[in-house]
Amino acid sequence: MTSLLPLWITLSYIVIAMLIGLAARGGRAMNSLEEWGVAGRSMGPVTLYLLIAAGSVSAYTFMGAPGWAYAKGVPVLYVVIYLGYLALVAWYFGPKVWAFGAKFGHVTQASAIADRYQSPALGALASLVMSVGSIAYAVLQTIGSAYILLVMSGGAIPVWAGVLLVLVAIAIYLYVSGQRAIGKTNVFQGILMFAVAWIIGLGAAHHATGEWSFAAVFAEVQQRNPEFLVLPGGGGDMSFAFWTTSIIVSMLSFMPPVWTQWMSATSARTIRRSATLLPTYYLVILPMIVVGFIGIYSLPNLERADTVVLEYAMANLPVVLVGLLGAGTLAASMSSSEPFIHSVALSWSKDVLQPALKLSDGKAGQLARWLIVPIMAFIIAPLAIAEPGNLVMILLIGLGFASQVLPAFIGMFFWTGATAKGVFAGIVTGFLVTVALITLWPHPLGIHGGFWGLMINLPVFVIVSRLTAPVPADVVERFFRIAAPWQLSSHKAEGSPVAVHPGK
Amino acid sequence: MRSTFVRPSSWKGWLMLVAFISVIVAGIWPVVGWVNQAVLVLGLPKLLVWSYIVLMCCTLVMWLGNMLVGEGEHD
């Protein structure tokens, strides 16, 4: 492929995203955590739908998922299922988180944790643990962005330059417009990705089989490689245990940007409307998976599975479609990296540095905006340029860490007896077990290391909570009046025992 | 404050809990084991069709929840 058209289409996407992101500010002052962090809680159902959808559909959809389909086959579908479950999570927890934020002024996940357990130290710990997963995710997406630019430019834009180009673009509009930029750009990115995925998927299927459906593709795979149509897949490594525990760990990973998205909604009703329709968006993954399956028999000797869609498109499809694929993939990766970078900066400022340095809310708001620069320059850019490991495994490690904060949420939504020390002990134990069982002895018995971490984490959390001093009753009651108001008597005196309804 | 676990307070809440758990169980072992066959349904792999059925069931369950407990309510 010698045409420069795909590169220009891809670069045009960055320019359009920049313009949308910069315009999103709309003349508002952005130095407050409320405005830069959660867009003044102003996002309606359509924006929120596309914000959450585009944020959760990453470069994985255009590169990793087809790569898994190419290398393993149907095991890739675990991601379809867990994304559906994330919508259930948003439907149930989103309205409660929104109400916490609106009533108690939370702008981050960790600030809600610090408030529930009356422990700034616990909030800081949760923030830092979650940052591991968030930064891993942002690095993953940045690598994807840089790789697209490398391919589209025929090698003229090396990985390091692509990383810098994408991060600088995001930094500018993120600094200027904060969460509003993420919302507006994700609307554009979400629509673009959906259209591009189906155009490329149908175009590839038509080119490969002469039909405008996917049936002939799978008939070919069934004849040649039937092992790709069942678990454990073509690689033989996706056992039922790993499938199941990967879905559970991913579902229970309440990633910080998702909380920020929920808190950006105009109302609890907005979140439920958006969440209800959210699974429909994940039809975006289907055509990309199909291209991976086409690659099984049409590109049998690829060195890097993640490149299957790009390789197929460049060899077989018109240059305009190749350019659209570049723009769509870049949209997927940028729309997912920007909320994670934003949430790490927001949380480090609000939950780590503000309590440590005793900063005012105004100073913390200013600091959050500036923090995106060192986070990108000293952490994300060097890691992305180094291109560590397998893309999907990095994501699983990040989610494995993130799921260890689960006890904090159990105490926020389900169990009044959770204590700060219980949560602290659970997180630390789960984190250490997860590190060991992902790096030193990866996934024993085919069970995800993060799931092992949770299995140790949860009993430790319950036992230590039982043995330590409870959180003040008025604080717990304040949270459970939102999380489960039916659990409390309506006019109970402060500090008195909770009246539990036996059920109607 | 006495330590207590949250549970649904009405039949609607219990129904939603059962629906949520059912749809989650439908996507993991052992249920996926029952559809794990190298056959095509409507031209697509059976597990792929099942995965998208589970996905659409997520929307149906949430729609049911909106009907039963309201889009802005808790339960």
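What follows is a chat about chain B, its interface with chain A, and one histidine.

Modeller: Before we start, this is a predicted model.

Colleague: Fine. Which helices and strands does chain B have, and in what order do they run from the N terminus?

Modeller: Chain B holds three helices and two strands. Starting at the N terminus, the order is α-α-β-β-α.

Colleague: What share of the residues of chain B count as buried?

Modeller: 51% of the 75 residues. Chain B exposes about 3,600 Å², with 74% of that supplied by carbon and sulfur atoms.

Colleague: And what about contacts in chain B between residues at least 6 apart in sequence: what share join residues at least 24 apart?

Modeller: 55% of them do.

Colleague: On to the interface. How many residues does the contact take from chain A and from chain B?

Modeller: Chain A contributes 63 residues and chain B contributes 50 residues. Between the two chains, about 5,000 Å² is buried, and carbon and sulfur atoms give 69% of that area.

Colleague: Which residues in chain A lose the most area to chain B?

Modeller: A:Leu88, A:Trp91 and A:Trp486, which together make up 13% of what the chain A side buries.

Colleague: Which elements of chain A give two or more residues to the side that touches chain B?

Modeller: Helices H5 (78-104), H9 (215-224), H10 (240-251), H12 (268-281), H13 (285-298) and H21 (473-483) of chain A. H5(A) gives the most to that side, with 10 residues.

Colleague: Different topic. Where is A:His342 found?

Modeller: In helix H15 of chain A, which covers residues 319-357.

Colleague: Why does A:His342 count as buried?

Modeller: Because its relative accessibility is 1%, and buried means under 20%.

Colleague: What does A:His342 touch, not counting residues up to four places away in sequence?

Modeller: A:His342 touches A:Trp36, A:Gly37, A:Leu174, A:Gly178, A:Gln179, A:Ile182 and A:Thr260.

Terms used. Residues are numbered from 1 along each chain as its sequence is written. Chains are lettered from A and ligands numbered from 1 in the order in which they are written. This is a predicted model: local features need pLDDT of at least 70, side-chain atom pairs count only at pLDDT 80 or more; totals for chains, interfaces and linings use all residues. Side-chain values use heavy atoms; hydrogens and water are left out. Helices (H or I, at least four residues) and strands (E, at least two) are DSSP runs, numbered from the N terminus. Buried means under 20% relative accessible area, exposed over 50%, partly exposed in between (1.4 Å probe, protein chains only). Contact means heavy atoms within 4.5 Å. Accessible areas come from the Shrake-Rupley method with a 1.4 Å probe; for residues, only the protein chains shown count as cover. Buried area is the accessible area (1.4 Å probe) that two parts lose on being put together, summed over both.
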